[in-house]
Amino acid sequence: MALSQWLLVILIIQIIHGLGTWKLYIKAGRQAWEAFVPVYNAVILMKIINRPWYWTILLFLPIVNLIMFPVVWVETARSFGKNSTTDTILALFTLGFYNYYLNYAVDVHHVKDRSLHPRTPLGDWVSSILFAIVAATVVHTYLIQPYTIPTSSLEKSLLVGDFLFVSKFHYGARVPMSTVAAPMVHDTIPFINKKSYLYDDNVENRNTSFINNLSLPYLRLPGFQDIKHNDIVVFNWPVDTLYNMYKTADRNYYKPVDKKTNYVKRAVGVPGDSLEVRNGFVYINGKQNALPDRAKLQFSYKVETKNGPFNNYILSSRYNITDFPQYNQDYSVSYFPGISDENLAKFKNHPNVKSIEPLKREKGEREPSVFPHDPNYNWNNDWFGPLYIPEAGATVDLNLEVLPLYKRAITEYENNTLQVRGNQIFINGDLATSYTFQKDYYWLMGDNRHNSLDARSWGFVPFDHVVGKPVFIWMSYNSNGQGIKEKIRWERLFTTVNGSGEPVSYFIPFLVLLAAWFGFSKWRKHKKATS
């Protein structure tokens, strides 16, 4: 649904609200017209139901408002003396239209200074849970989102089992596009394994389904930082067609952008760059990309063994190799998905190593799985490009040779129709010899050059798919460790994701501050009790 259509929907809701409450406003000592003025009517309603003004903001926040509307319906009824369980049920199950009954059919009186404290322990519990969910949803949606590293594509910067906090405000928090969805979950509700949002994800119905019109257009709050070269970015996987990342898809699931699977990669290319991969190394505008000192490139290797398989615990603890190998039938040959140069230098001296051979493609050897998936481009994961990364407002010449590089951006990400007739290209029915991009795009890759599903497989990531910036590791769990001492990577607890040098843990200072806070709270309670 376009923004203008959503504004019309909001206006209609305001009229419905006004028609159903204007008499209640009068009985509360206000003017009838105040029930009809958008936003202002909500501010006045908060005064009538004796609730804080900032609830008005919560009523207009997608997802959060799904919780707040029922609360306000019930609170309105209670502000006019309707406190019974029956009144509460009627307010909820009529979707707020119970207030029409109170407005026109019942002689009610406004309870100006009613008690806001729940009358039963159950009511107190429900109230606390509701507003805990509201607060957590606001934080999760607009400030900080937790994220777990599931793959080794960014080792050694981020390890499998790292639990992160991802900042939404660095690049600007994105307003949810899925307006009817469960709070604080992504595409699937845990335990029951059901879709968490209301949307017809059958690709054939994407433009005709009524419920898909409930989705908001792309909106993003202002951020204070642009994505820079080598920033680690969490984003929605642009080519996601899975039900979720843990379930094999039985068909193409066409999902809203904000419900596509979350990925994390490094932004090696930003809008306007010319990118090339030479022998596994990224070059930006002709210059080799210099990664931060915490980042370690990894490549795949074929290793001949002298005597059977390697011990994974030894590989991890002694050689810092966490992408464990696969073997041939008699264990004489192993295939390591990723080893850094630093670890390779030590691993060469392993007593079970007979020989080591890097697994790299030759220049000009085409990999069909590599973008743009066109036989005219003999590119592979090690030799790729050059490729221009589109920038909003930039224009490229368009012909049949260039088209495979930008077709998906033009059609899928920028919502144009495209046809090829002979040697001619038509966009939205008009002959096109050039194209001007509407959005900024990024090139996101893993540091593990041979074990990373990244932009080399599916191409550009538009900025509207960007979720946020990982900033903090609060927990790190090593499933290959032995005992609690090694299962938890203590040195990574409460460390920053970015920065130079070895990560510094703030876990001990955090515990000290936590103990000080509890001590202060206990002292303050004791002081109040004695006074």
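Where does P372 lie? P372 sits in the loop between β13 (353-358) and β14 (383-388). The peptide bond from F371 to P372 is cis, with omega near 10 degrees. There is also a cis bond from G385 to P386, again with omega near 10 degrees, and P386 lies in strand β14.

Hello everyone, and a quick word on what we are looking at. This is a predicted model, where local features need pLDDT of at least 70 and side-chain atom pairs count only at pLDDT 80 or more, while totals for chains, interfaces and linings use all residues. Residues are numbered from 1 along each chain as its sequence is written, and side-chain values use heavy atoms, with hydrogens and water left out.

Let's take the overall picture. The protein has 13 helices and 23 strands. Its C-alpha trace spans about 90 × 75 × 40 Å along the principal axes. Of its 531 residues, 44% count as buried; buried means under 20% relative accessible area, exposed means over 50%, and partly exposed is in between, with a 1.4 Å probe and protein chains only.

Now to the largest pocket, which holds about 1300 Å³ of space. Of the 37 residues that line this pocket, the closest to its centre are I13, L59, N65, F69 and W73. For the terms: on a 1 Å grid over the protein atoms alone, a cavity is a set of points where a 1.4 Å probe fits but cannot get out, whereas a pocket is an open set with protein on both sides within 12 Å along at least five of seven lines, and lining residues have an atom within 4 Å of a point. Points are joined across faces, edges and corners, and the volume is the space filled by probe spheres set on them.

Which helices each supply at least two residues of that lining? They are α1 (3-27), α2 (40-48), α4 (64-78) and α6 (98-104). The largest share, 12 residues, comes from α1. By type, the lining divides into 27 nonpolar, 10 polar and no charged residues. In this count Ala, Val, Leu, Ile, Met, Phe, Trp, Tyr, Cys and Pro are nonpolar, Asp, Glu, Lys and Arg are charged, and the others, Gly among them, are polar.

A nonpolar patch of about 910 Å² is made by L8, L11, I12, I15, I16, L19, F36, L95, F97 and Y104, and α1 gives the largest share of the patch, six residues. Patch members have over 30% relative accessible area and no salt bridge; like charges are joined within 9 Å, and nonpolar side chains (Val, Leu, Ile, Met, Phe, Trp, Tyr) within 5 Å. The areas come from the Shrake-Rupley method with a 1.4 Å probe, and for residues only the protein chains shown count as cover. One member, F36, lies in the loop between α1 and α2 and is partly exposed, with a relative accessible area of 34%.

On to charges. Side chains of opposite charge can pair when their charged atoms come close. A salt bridge here is a side-chain nitrogen of Lys or Arg within 4 Å of a carboxyl oxygen of Asp or Glu, and a search of the whole structure finds 18.

Let me show you some of them. E75 and R51 meet at 2.8 Å, N to O. That pair links distant parts of the chain, with E75 in helix α4 and R51 in the loop between α2 and α3 (55-59), 24 residues apart. E75 is buried, at 7% relative accessibility. R51, E75 and R114 are linked in a network of salt bridges.

D162 and R492 meet at 2.7 Å, N to O. Here D162 is in strand β2 (residues 162-167) and R492 in the loop between α12 (483-487) and β23 (495-496), 330 residues apart. Both ends are buried, D162 at 0% and R492 at 9%.

To finish, two backbone details. N50, in the loop between α2 and α3, has a positive phi near 65 degrees although it is not glycine. F191 also has a positive phi, near 75 degrees, and is exposed, with a relative accessible area of 88%.

Terms used
Helix = DSSP H or I, 4+ residues; strand = E, 2+ residues; numbered from the N terminus.
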